[in-house]
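Here are some notes to read with the model open beside you. Take the points one by one and find each place on screen as you go.

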Amino acid sequence: MEQYAIKGGNPLVGEVEIGGAKNAALPILAASVMTDETVYIENMPDVRDTNVLLCAMENIGVIVKRTDRHKVTLNASNISELVVEDENIKKIRASYYLIGALLGKYKHAEVALPGGCDIGCRAIDQHIKGFRALGADVKIEHGLIKTQAEHLRGSHIYMDVVSVGATINIMMAAVMAEGTTIIENSAKEPHVVDLANFLNSMGANIKGAGTDVIRIVGVEKLHKTEYSIIPDQIEAGTFMLAAIASKGDVVIHNCIPEHLDCLTAKILEMGGEVEESGDSIHVWCNSRPNKTNIKTSPYPGFPTDLQPQAGVVLAVADGTSIINESIWESRFQYTTELNNMGANITAQGKTAVFEGVDCLLGAPVYASDLRAGAALIIAGIIASGETQLFNLDHIDRGYENIEEKFRNLGANIKRVKE
Ligand code: EPZ
């Protein structure tokens with residue numbers, strides 16, 4: 001078992017390069033099975049979730065070739081299995097993207113029920129509702145979601161909740177359905193748009209991605225493509241918040257500033273400074289951050305995946321702040337760890353009250369999920385003394401080389417064997 005040993009106290013100063021978006025890469029990799037031709041993907045993050053998915057895809061017969069660490073070609077012309085149930089795939093959420101992709105192309109898929117971070121109830125009723133509306137039979141049996149259809153037919157689907165995963169899955173299942181599908185109340189996240197752009201580059205006919213009504217006209221087949229995944233909005237946001245928390249000065253390269261508008265607005269409220277230039281964001285803060293209130297909501301609202309990292313800033317802000325988490329009911333587990341570092345946070349249900357303290361003190365802490373892990377790295381970097389951070393496997397799911405990136409900004413962080 002490994003842990004991070006972090007000696008806190010250094011402000012973060014310097015430049016950092018953002019990688020490809022994990023949450024765009026996962027559906028894009030899955031959607032690559034929808035053509036028999038070879039697909040070439042660039043800017044793919046080398047993180048555990050994408051690697052597990054690639055491995056599962058190889059196990060059903062997809063030929064995967066890594067041309068370098070961030071480039072991959074995939075050929076799915078010889079898929080031998082429509083049942084995906086290896087042990088590792090059960091641990092990741094994105095396994096369910098293979099349902100939409102395989103169902104869309106082969107009209108049949110059986111995929112292990114998804115795992116993923118322990119952040120709250122992770123329902124899939126909207127996915128199932130969408131598949132059924134397109135004409136598929138859906139059953140859950142022996143830990144597998146089994147879907148099958150004679151024909152998939154376009155349909156008008158109104159989503160009861162805004163769901164990234166369900167929007168993506170229905171989009172994939174509908175791409176080769178007969179006729180037109182309309183998804184209303186769809187998710188608008190940048191990775192939903194990236195998947196639509198990827199599918200369109202393969203010959204799909206999807207319009208409206210990025211708005212709350214997506215219109216898909218079914219096509220007969222999809223063809224090869226070359227595609228570069230968008231930069232990771234959440235990784236960029238994590239470094240923006242780390243810069244503010246540490247009263248540092250960081251330039252973040254290879255990001256799309258527009259995807260971070262909501263965070264930029266909050267950072268300005270916190271007393272930080274932000275300057276955007278092309279695909280870079282310069283973030284700095286010279287004084288103790290101000291208190292502010294945050295409510296998470298679907299894009300373009302404040303992302304739940306940046307809530308714990310923002311919580312670290314508020315833990316040391318001047319005054320009392322409130323965070324309302326409206327997406328995941330168990331996403332305040334990190335506040336217990338921050339309290340063990342001297343923070344004063346009361347979390348109950350979907351609300352947490354942060355009484356800002358002057359400083360955090362290093363302590364042994366445990367990552368309960370991916371973004372909680374990122375938050376606790378930031379906490380260790382700003383705390384006085386030494387922090388040991390455990391459960392690194394959560395962090396490895398979604399951040400590539402995170403310790404090296406923080407070290408290059410001046411943090412004293414090492415990965416060591418327990
Ligand atoms: C995606 O999860 C992300 N994961 C999550 O990021 C992110 O937190 C989440 O979107 C919200 O932005 C991936 O992209 C792999 P949802 P997803 O379906 O698709 C409810 C990270 O840290 N819901 O948008 O699973 C659900 O319970 C991860 O990278 C239903 O009720 O999230 C939740 O309250 C963690 N029925 C809300 O909708 C459904 O059928 C949003 O979930 C589906 C969802």
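**Notes on the model**

1. Helices (H or I, at least four residues) and strands (E, at least two) are DSSP runs, numbered from the N terminus. The phi angle of Asn 185 is near 65°, which is positive although the residue is not glycine. Asn 185 counts as partly exposed because its relative accessibility is 22%; buried means under 20% relative accessible area, exposed over 50%, and partly exposed in between (1.4 Å probe, protein chains only).

2. A word on the source: this is a predicted model, in which local features need pLDDT of at least 70 and side-chain atom pairs count only at pLDDT 80 or more, while totals for chains, interfaces and linings use all residues. Residues are numbered from 1 along each chain as its sequence is written, and side-chain values use heavy atoms, with hydrogens and water left out.

3. Asn 391 also has a positive phi, near 70°, and is not a glycine. Look for Asn 391 in the loop between strand 23 (386-390) and helix 12 (392-396). With a relative accessible area of 25%, Asn 391 is partly exposed.

4. Now find the cis peptide bond that joins Tyr 299 and Pro 300, where omega is about 10°. Pro 300 belongs to the loop between strand 18 (293-295) and helix 9. Why point out such places? Most residues other than glycine have a negative phi, and most peptide bonds are trans.

5. How many residues of helix 9 (residues 307-315) are buried? Nine of its nine residues are, so helix 9 is mostly covered. Among them are Gln 307, Pro 308, Val 312 and Leu 314.

6. Helix 7 (residues 233-245) and helix 8 (residues 261-269) pack at an angle of about 5°, and their axes are 11 Å apart. Axes are lines fitted to C-alpha atoms, for helices over the stretch in contact, and angles run from 0 to 180 degrees between N-to-C directions. Helix 7 brings Gly 237, Met 240, Leu 241 and Ile 244 to the contact, and helix 8 brings Leu 263, Thr 264 and Ile 267; contact means heavy atoms within 4.5 Å.

7. Ser 321 is part of strand 19 (residues 320-324). Is Ser 321 buried or exposed? Ser 321 is buried, with a relative accessible area of 0%. A polar atom of the Ser 321 side chain lies 3.1 Å from the backbone nitrogen of Thr 292. Beyond its neighbours within four places in sequence, Ser 321 is in contact with residues including Lys 291, Leu 314 and Phe 354.

8. Lys 146 lies in strand 9 (residues 144-148) and, at 18% relative accessibility, counts as buried. The C-alpha atoms of Lys 146 and His 108 are separated by 7.7 Å, with the two residues 38 residues apart along the chain.

9. Finally, turn to the ligand. An oxygen atom of the ligand is 2.7 Å from a polar backbone atom of Val 164, and an oxygen atom of the ligand is 2.8 Å from a polar backbone atom of Ile 327. For Asn 23, a side-chain N or O atom is 3.2 Å from an oxygen atom of the ligand.

Methods:
Polar contact = N/O pair within 3.5 Å; in protein donor to acceptor, adjacent residues only side chain to side chain.
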